[in-house]
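Me: I am new to this structure and would like to learn how to read it. Could you take me through a few features, with the general idea before each case?

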Amino acid sequence: MQEPPPHQRQLEALDLVRTIARARRRLDELWAGQGHVPSAPDADPTPNAAGAPGAPHSLSTVLGLFQSTSAGMIWLGPDWTISEVNPAFCSMLGFRRDDFLGLDFRTLDEDWGDPDWAPLVSASAERTGEPARTVRLLRDRHGVPRALRLTITPHIQADGPVAGYSVTALHDERAGIDEGRATIEGRELERAASRMARLGGWRLHLTDGHVRWSDEARVVLGLGDRAISSFRGTLALLRPAWRARVRAAVRISIRRGTSFDLELPVVSAEGWSRWIRIVGEAERDASGKVVSVVGSLQNISERKAAEDANRRLAERLAARVGSLPQGFMTLDGRLTVAYANEKALTLLGVTAQGLLGRAISEQRDFAASEPLGRMLRTAVAERRVVGTEQEICRSGLCVEAHAFPAEEGLTITLRDISDERAQRERLRLLESSIAHLTEGVLITQATPIDAPGPRIVFVNPAMERITGYAPEEMLGATPRILQGAGTQRGTLDRIRDAIGLGQPIQAELLNYAKDGREYWVELNLTPVADDEGRVTHFAAIQRDITERLLAQKRIAEQAALLNLVRDGIVVRTMQGQVVYANRSAESLYGWSLAELREGDPAPLVERVYEDRGHYDDAVRAVMRDGRWSGRLRQRRRDGTPITVDSSWSLVRDMDGVPNAILIVNTDVTERLAMEERLRTGQKLEAIGQLTAGVAHDFNNLLSVILGNAEYLTDVVAPDGEEHRATRMILDAAERGATLTSRLLAFSRQQTLDPQVVDIGQLVQDLAAMLSRTLGSGINLSVRCGPGPHRVAIDRSQLEAALLNLAINARDAMPEGGRLTFDVSGAVLGEDDLGPSAPGRYVEIATSDTGCGMAPEVLARAFEPFFTTKDVGKGSGLGLSMVYGFVTQSGGHVSIDSAPGCGTTVRLYLRAMDADATSPGSHAAGTSGAA
């Protein structure tokens, strides 16, 4: 047979305990009717498993009564299913116990649909909890109706529902028999049971040792025709283990004149065994001397069998009660603990020795001031089920307790709700937190995905503030009430797909409030699964981001304006971390905003600022004064040096606390370079004008000297000393004229003879001559790139300039090296040429692998008479002449050089149009004096 569920076992246990109190008086009467003397030597006065002293008050005795009582007893579940019956009820209807178990009790009724019967039971069960009494016709095994008087008692749990019913059934041949007749019948049954008890008498004569037996005693002992008249023969009927005990009891009775009461097994001559109860007491003569022992015998085999059955039933009940997941305790009328299962001991944190047999008020948790103590007082005073919760001081557990009043005492159930209370507390905190969130929280069912959509089952107060809908308006509706014409269809489709897959999703969605107002939310949708992993709901956290998006839009507009600014704008925190940089700043330094944000600020400062000291000075100044401006030397990501005019401003929050530094950097590198080129040009122009003036005056003097020297040469004797002196004067004057020519070339006032020249061809022709002039240590090469290559230039002056550059390159490579002429076309703008006109040019790049020039030398390379060569090895006019010639020809000259890296001199000459055949206007100034 299937084991009853835990709540049914608890119901059975409660019902049995209640039966204990109701049956005690009747048990006392029945026990007294058998002549039991409680002072027997073997009686056990200590509390048994049920907590009651002595056998008549034990749980096993009550269970024995359930099995042996003549009244039918039935236990029913809440659905009227039979879970237990006693033999008397089985006998009433002729069924076996197994036939009843699991059967619906109502199917036994001849007419369960009687309108007078159903309301009676319903009202009793659901409102009053009191027994319902009636006479019903129940069909027996043969289908014959039997009139039974039923008392149906509902058992109502603490939280309200009916847990089950207990039914008592008595035979009643006439419907309508009252309580008085039932009581009379019960008493008649008790008297009949007393008449049927077989009691036999016996007497042991001490004078002759003979034993006299009554007829009933011989029947009890199964002596039949056998004659057993001696005490020794009587002991032979007992099992060997019991003989000494009986002998000792009789001797003590004789010696002390006392009585005895024993229960023991005997064996008949036929071999059967039975239990008897033997009671005896000493009998005295007139002088007070004990002359005999007289007593009675009673066959108690049936009672012993019933007790054994009760014991097994009690063990089963004890196992059921012990296996209950709840604690279970019984208190007697004095509120002394009679029984407690292991679970109750564990929950209370006590031992059986420290609890059983003691007043419950001795336990600290049941003191009058504690919730459990108040629960007991209320249950006793008001005779109703009372419940409470309390944390147990010894075990530290939180229990839910219920006290059930009984006729004598209370039954208490305890249930561990520590996890429940913790969960409730977490739930309370969670609900409180959700209620105070500024974000809206909305929970929906997981289905249906399609129309009408999942229903809303929860909203927090913030949703009403965001949407304008009251909670009662949203509960039961779908989230579609928040959508409108502007809600993004694509975003809704993505959300729908995520819901279908049971996956979380984050999105920004345009919703509509109750009044039609548009608002944007940042939606975080998360699936909620049950214990089996099935998604049952979706929780959505909605953050109103309307203001944020508007602010972002304004910031984006402002950022777009800042991106139009050519200055680099950077915002950094007080710790140096970059948080903003406009596009000009990204272009200026070569790092993107994301790289600047994520980078470590310390290494970034080291890479950008050439002088860390200047950076630190700027930080200290802006922290002290709130602003700083100055010029800083910095580096780009690729290491290229730049110079910026920097303006720093301290940014404070609303409380006046500094939280950022705004830096505006203007790149002045090109401007400074142009200014330097302009200054250099102006300086060279001034020197050229001075040189031109000196050269003209000197040239006039040389004209006189040369004329007179030539005259003297003609008039003096050719072989005389005067002729040699005159010749020396003439040579010196001619060298002076050559110097004057160079000075005029630098000052761009020499007379030029422009011709159409193919630069590539000219350079190649010149290279053939230079390869012999420069020597074998110089590796000379010419590269001609794409055209145009034709220019209008003074060929001889250009050759002299290129020869000058080749000689300078040779002098820079005393150990030999490589000299390269690169000829190519180029298109240059104003920034590339300075004062020269932009357009198409022919570039002649002369590159060597020599020692190079230091920056300070490079800055003065075009100055006349400036040279780094030893005295007598250079006049310092070579590059000056090249500069003046190219500039006078409408071109441009630049030098790139660094120590150890060689030098490259680039000549830019105005290219001729493809269809031009004569110098025309391409030739630059040709005026000047010789």
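Reply: Gladly! Let us begin with a term: two residues are in contact when heavy atoms of theirs lie within 4.5 Å. Keep in mind that this is a predicted model. With neighbours within four places in sequence set aside, L802 is in contact with L762, V763, L766, F821, I844 and L907.

Me: Which nonpolar core residues touch the most other members?

Reply: The general idea is that nonpolar side chains tend to be buried together in soluble globular proteins. Here the largest nonpolar core has 39 residues, and I759, L798, L802, L819, F821 and L907 touch the most other members. Helix α24 (residues 759-774) gives this core its largest share, 7 residues. There is also a second, separate core of 25 residues, which includes V570, L588, W591 and L593.

Me: What does the protein chain look like as a whole? How many helices and strands does the secondary structure come to?

Reply: The protein chain has 28 helices and 32 strands. Of its 930 residues, 41% count as buried. The accessible surface comes to about 49100 Å², and carbon and sulfur atoms hold 53% of that. Among contacts in the protein chain with a separation of 6 or more, 53% are between residues 24 or more positions apart.

Me: Why does Q445 count as partly exposed?

Reply: The range for that label runs between the buried cut-off, under 20% relative accessible area, and the exposed one, over 50%. Q445 counts as partly exposed because its relative accessibility is 23%.

Me: Let us turn to the backbone. Which peptide bonds are cis here?

Reply: As a general rule, most peptide bonds are trans. Two cis cases to look at are the bond from T447 to P448, with omega near -5°, and the bond from A451 to P452, with omega near 5°. P448 is found in the loop between β16 and β17 (456-459), and P452 lies in the loop between β16 and β17 as well.

Me: And the phi angle? What is the phi of W80, and where does W80 lie?

Reply: Most residues other than glycine have a negative phi. W80 is not a glycine, yet its phi is positive, about 70°. Look for W80 in the loop between β1 (72-76) and β2 (82-85). W80 counts as buried because its relative accessibility is 8%.

R383 is another case, with a positive phi near 55° in a residue other than glycine. R383 sits in the loop between α12 (371-382) and β13 (386-391). At 45% relative accessibility, R383 counts as partly exposed.

Me: Is Y711 buried or exposed?

Reply: Y711 counts as exposed, because its relative accessibility is 53% and the cut-off for exposed is over 50%.

How values were computed:
Residues numbered from 1 in each chain as written. Predicted model: local features only at pLDDT ≥ 70, side-chain atom pairs only at ≥ 80, totals over all residues. Heavy atoms only, no water. Buried < 20%, exposed > 50% of the residue type's maximum accessible area, 1.4 Å probe, protein only. Helix = DSSP H or I, 4+ residues; strand = E, 2+ residues; numbered from the N terminus. Areas by Shrake-Rupley, 256 points an atom, 1.4 Å probe, with all protein chains shown as cover. Core = buried A, V, L, I, M, F, W, Y, C linked by side-chain atoms within 4.5 Å.
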